[in-house]
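Biologist: I'd like to learn how to read a model like this one. Can you walk me through it?

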Amino acid sequence: MKDSFSRYFPGKGEKMIRNKDRKIAVVYFSLGGNTEYVIQRILETIGDGTAVDVIRLEPVRPYADAGPMKYIKGGAAASLGSRPQLKPYSFDPKKYDAVIVGSPIWAGTIAPPIRTFLLANRIRGKKIGVALCSSSGRADKCFSRIEKYLKKTEIISKLSLVDPAKKKSGGDLYEIRRFVREIMEARG
Ligand SMILES: Cc1cc2nc3c(=O)[nH]c(=O)nc-3n(C[C@H](O)[C@H](O)[C@H](O)COP(=O)(O)O)c2cc1C
């Protein structure tokens, strides 16, 4: 009998357990590439044996990704609770037993495209994992905000990393593996 860690992180020569009937949705927004980096590492950790749909959210009107306007406009949009229109995407919650949400922290809260998504898709009865990137590591308020949007659905795994694409640290990879393992174990 294998322990739950080695079921999902097989050793050399072992096969990943295939879980074809269940799907995971990975929904994220990234402006500067940090959340994108985390999502890529999450997908590598999940591996090919599990069906995953990746949904990258993009606002119809893109945010400035450099200069002072990046922080001024983006920060104002986040703190005012804006809900930008998103480019078309496909998300049918019935297809998934688990949803991973990835967002940068803007003005202490979730990035506006993620807010639009959570309000448009009231996700209930799923295993939810939330991965947040920030420059401070202060993520508690942002996790609570997301929990409010999810209403009665609990976040079963949380990940908070500080600008991980710059550091590419082993410690962050360890945390990412812990995050994925918690989601996989909750899926049974
Ligand atoms: C508009 C804006 C607001 C931000 N506000 C915060 C903040 O309140 N707290 C924080 O720790 N980092 C803040 N940051 C930094 C980002 O959360 C951080 O750099 C994150 O890793 C960026 O993720 P991304 O590269 O996927 O976009 C902000 C960045 C932007 C662009």
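Predicted model: local features only at pLDDT ≥ 70, side-chain atom pairs only at ≥ 80, totals over all residues.

Biologist: How much of residues 24–188 is helix and how much is strand?

Modeller: That stretch is 41% helix and 24% strand, and its end C-alpha atoms are 13 Å apart.

Biologist: On to the ligand. Which residues come nearest?

Modeller: There are 22 residues around the ligand, and G32, T35, G74, P104 and S136 come nearest. Two or more shell residues each come from helix 2 (34–46), helix 3 (67–79), strand 3 (96–106) and strand 5 (127–134). Helix 3 gives the largest share, four residues.

Biologist: What is the make-up of that shell by class?

Modeller: Eleven polar, seven nonpolar and four charged residues.

Biologist: Now the backbone. What should I expect for phi?

Modeller: Most residues other than glycine have a negative phi. Here, D163 has a positive phi of about 30° without being a glycine. K168, also not a glycine, has a positive phi near 45°.

Biologist: Where do D163 and K168 lie?

Modeller: D163 is in the loop between strand 6 (155–162) and helix 6 (164–167). K168 is in the loop between helix 6 and helix 7 (170–187).

Biologist: Why is K168 called exposed?

Modeller: Because K168 has 10 other C-beta atoms within 10 Å, and the cut-off for exposed is 12 or fewer. D163 has 17, so D163 is partly exposed: a residue counts as buried at 20 or more.

Definitions and conventions: Residues numbered from 1 in each chain as written. Near = placed C-beta within 6 Å. Nonpolar A, V, L, I, M, F, W, Y, C, P; charged D, E, K, R; others polar.
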